[in-house]
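Subject: Structure for you to look at

Hello,

Here is the structure I said I would pass on. Please open it beside this email and read the notes with it in view.

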Amino acid sequence: GMLRACGEQIRRMHDSGLWHADLQVKNILIAQDGPILIDWDNARAQKALTPFQCMRNLLRLRRSFEKNHLDIRDYHCLCEGYGAVSPPAWLGAAYAIKNYVSDWIMGRKA
């Protein structure tokens, strides 16, 4: 489905050496021909992305799913389209702490 196609599009972006500085739900448009990634401000192009850079992008996107109260199963479906993803436990934990602190500072419910 469309979620898998989104994951495939993000994988192609990463495989091409493109790092999206603001990968979140609102920056993925669904067109008749498939997903389109928008808002390329501060994006970076390089020869190849490191697995760490790819995981940071995907964790940012996961946070967007959570903040927008979207079903996390949809994020996992997107990741199936992306391909094998297994962030190190410490990176997931670091993002969870960062997100908690950000919510607390901004006065959002954690």
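The radius of gyration is taken over C-alpha atoms, and the rule for a globule is 2.2 Å times the number of residues to the power 0.38. For 110 residues a compact globule would come out near 13 Å, and the protein has 14 Å, which agrees. The C-alpha atoms fill a box of roughly 40 × 30 × 25 Å along the principal axes.

This is a predicted model, in which local features need pLDDT of at least 70 and side-chain atom pairs count only at pLDDT 80 or more, while totals for chains, interfaces and linings use all residues. Residues are numbered from 1 along each chain as its sequence is written, and side-chain values use heavy atoms, with hydrogens and water left out.

The protein has 4 helices and 4 strands, as DSSP runs (H or I, at least four residues, for helices; E, at least two, for strands) numbered from the N terminus. Along the sequence the pattern is α-β-β-β-β-α-α-α.

Of the 110 residues, 34% are buried, meaning under 20% relative accessible area with a 1.4 Å probe, protein chains only. Among contacts (heavy atoms within 4.5 Å) with a separation of 6 or more, 65% join residues 24 or more positions apart.

Regards

Technical notes:
Buried < 20%, exposed > 50% of the residue type's maximum accessible area, 1.4 Å probe, protein only.
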